Amino acid sequence: MAWERGKQRLQKALAGFLEMPKDVLLDYPKITMIGNVQLVLENHRGIVEYADERIRVGITGGQLEIIGEQLVLRTILPEELVVEGRIRQLNYFK
C-alpha cells in the first residue's frame, strides 16, 4: 500500500514536471462525450455489467456507471470503448 501511494505521488510529480497529460502517465480514464448520445472511454479495465439501461465499467481506482436508455456498446477495444444511446447520468464509484 505505501509503495503504491509513493509510486502514485512520483507519477503525479513526474506528469507535472514533464507537462504530460495525467491520463497517459497515471492511466486515468479519459471520457469524451458527444452530446448525450455517445461516450468514448479510454483506459478502461473491462465491462462489469451490461444491460440496456445500465453499463458499469472498471476503471483505475473504481468503476464508472453509465445510466440511460437503449445503451449499446458500439466498440470495445483493449484500451477504448464507445457507448451509444440516450445517456442520462454518469456515476463514479471508488
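The questions and answers below go from the whole chain to single residues.

Colleague: Which pattern does the protein follow when it is read along the sequence?

Modeller: Please keep in mind throughout that this is a predicted model. The secondary structure comes to two helices and six strands. Read along the sequence, these elements give the pattern α-α-β-β-β-β-β-β.

Colleague: What share of the residues of the protein counts as buried?

Modeller: The C-alpha atoms fill a box of roughly 40 × 25 × 20 Å along the principal axes, and the accessible surface comes to about 6,300 Å², of which 54% belongs to carbon and sulfur atoms. A residue is called buried when its relative accessible area is under 20%. Of the 94 residues of the protein, the share that counts as buried is 29%.

Colleague: How far apart are the centres of the positive and negative side chains?

Modeller: The protein has 13 positive and 13 negative side chains.

Colleague: What distance separates the end C-alpha atoms of helix α1, and what span should its residues give?

Modeller: Helix α1 covers residues 2-18, which makes 17 residues. The expected span is 1.5 Å times one less than the number of residues, so the helix should span 24 Å. The separation of the end C-alpha atoms agrees with this, as it is also 24 Å.

Colleague: Where is N43 found, and which backbone oxygen does its side chain reach?

Modeller: N43 is found in the loop between β2 (38-42) and β3 (44-50), and it counts as buried because its relative accessibility is 11%, where the limit is under 20%. Its side chain reaches, at 2.7 Å, the backbone oxygen of Y28.

Colleague: Is E65 buried or exposed, and with which side chain does it make a polar contact?

Modeller: E65 lies in strand β5, and its relative accessibility of 6% means that it counts as buried. Leaving aside residues up to four places away in sequence, E65 touches R54, I55, R56, Q89, L90, N91 and F93. The side chain of E65 makes a polar contact, at 2.7 Å, with the side chain of R54.

Colleague: Which residues does E69 touch, and what separates its C-alpha atom from that of G85?

Modeller: E69 also lies in strand β5, but at 33% relative accessibility it counts as partly exposed, a class that runs between the 20% and 50% limits. Not counting residues up to four places away in sequence, E69 touches D52, G85, R86 and R88. Although E69 and G85 are 16 residues apart along the chain, their C-alpha atoms are separated by 6.1 Å.

Key: Residues are numbered from 1 along each chain as its sequence is written. This is a predicted model: local features need pLDDT of at least 70, side-chain atom pairs count only at pLDDT 80 or more; totals for chains, interfaces and linings use all residues. Side-chain values use heavy atoms; hydrogens and water are left out. Helices (H or I, at least four residues) and strands (E, at least two) are DSSP runs, numbered from the N terminus. Buried means under 20% relative accessible area, exposed over 50%, partly exposed in between (1.4 Å probe, protein chains only). Accessible areas come from the Shrake-Rupley method with a 1.4 Å probe; for residues, only the protein chains shown count as cover. Lys and Arg count as positive and Asp and Glu as negative; His and the chain ends are not counted. The place of a charge is taken as NZ of Lys, CZ of Arg, CG of Asp or CD of Glu. A polar contact is a pair of N or O atoms within 3.5 Å; within protein, one must be able to donate a hydrogen and the other to accept it, and residues adjacent in sequence count only if both atoms are side-chain atoms. Contact means heavy atoms within 4.5 Å.
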